[in-house]
Amino acid sequence: MFGLMWSWTQRLASYVSDVNECQLDAALCPPRQTCRNTFGSFVCVCRDGFVLGTLHRALQCRDKDECLTGSHRCSRHARCVNTDGSYTCQCSEDFFGNGHTCLPRRAPQSKAAMYFNYKLSKRTKTAQSKGDRRR
Ligand SMILES: [Ca+2]
């Protein structure tokens, strides 16, 4: 009876106060995984840029190919290069920039020409999205 009471008291104590194991030990989870605290315990989940999959017949966090899945945020004038845990964007030959924004390598345009091109691109996008909705 005493043992039962003790175990019940212990369980109650663990419910009432949660310990964040993730903050206590940063190296709780294996590489490519990150710790997520839960009430009364913790779980290891894949880090950003990794997905759960089978590798050598074992469940592991493997690199997510952002270029293949299309979840990258590269400019449409850039080439996506997959890396372990992330990806990089490289502007195409005729463009320059950080890969997320790529500008054409030609003589600078006047503000009026830039505004005209901006309006033209908006009009083209609207026409495309309307066409998509009809399908
Ligand atoms: Ca990747």
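Ser-75 is buried, because 20 other C-beta atoms lie within 10 Å of its own, where buried means 20 or more such atoms, exposed means 12 or fewer, partly exposed lies in between, and the C-beta atoms are placed from the backbone. The structure is a predicted model, in which local features need pLDDT of at least 70 and side-chain atom pairs count only at pLDDT 80 or more, while totals for chains, interfaces and linings use all residues. Residues are numbered from 1 along each chain as its sequence is written.

**Overall make-up**

- The secondary structure of the protein comes to 4 helices and 8 strands, which are DSSP runs numbered from the N terminus, with helices being H or I of at least four residues and strands being E of at least two.
- Read from the N terminus on, the elements follow the order α-α-β-β-β-β-α-β-β-β-β-α.
- Of the 135 residues of the protein, 10% count as buried.
- Among the contacts in the protein with a separation of 6 or more, 15% are between residues 24 or more positions apart, a contact being a pair of residues whose C-beta atoms, placed from the backbone, lie within 7 Å.

**Record annotation**

- For "domain: EGF-like", the unreviewed UniProt entry lists residues 18-56 and 63-103; UniProt positions are given in the numbering used here, feature names are shortened, and annotations may be inferred rather than shown by experiment.
- Over residues 18-56 the chain is 10% helix and 46% strand, and the C-alpha atoms at the two ends are 37 Å apart.

- Ser-75 lies in the loop between α3 (66-69) and β5, and leaving aside its neighbours within four places in sequence, Ser-75 is in contact with Cys-89, Cys-91, Gly-97, Gly-99, His-100, Thr-101 and Cys-102.
- Although Ser-75 and Gly-99 are 24 residues apart along the chain, their C-alpha atoms are separated by 6.0 Å.
- The largest nonpolar core has 5 residues, namely Cys-74, Ala-78, Cys-89, Cys-91 and Cys-102, such a core being a set of buried Ala, Val, Leu, Ile, Met, Phe, Trp, Tyr and Cys residues joined through C-beta atoms within 7 Å.
- Ala-78, leaving aside its neighbours within four places in sequence, is in contact with Cys-89, Gln-90, Cys-91, Ser-92, Gly-99 and Cys-102.

**The β5-β6 hairpin**

- Strands β5 (residues 78-83) and β6 (residues 86-91) run antiparallel and are joined by 6 bridges, where pairing requires that DSSP finds at least two bridges between two strands.
- The two strands β5 and β6 form a hairpin with 2 residues between them, and Gly-85 in the turn has a positive phi of about 90°.
- Arg-79 stands opposite Gln-90 in β6.

- Most residues other than glycine have a negative phi.
- Arg-32, in the loop between α2 (21-24) and β1 (33-38), has a positive phi near 70°, and Arg-32 counts as partly exposed because it has 16 C-beta neighbours inside 10 Å.
- Arg-57, in the loop between β3 (50-55) and β4, has a positive phi near 60°, and Arg-57 counts as exposed because it has 6 C-beta neighbours inside 10 Å.

**Leu-59 in strand β4**

- Leu-59 is found in strand β4 (residues 58-63), and Leu-59 counts as exposed because it has 9 C-beta neighbours inside 10 Å.
- Leaving aside its neighbours within four places in sequence, Leu-59 is in contact with Leu-52 and Thr-54.

Notes: Two residues are in contact if their C-beta atoms, placed from the backbone, lie within 7 Å.
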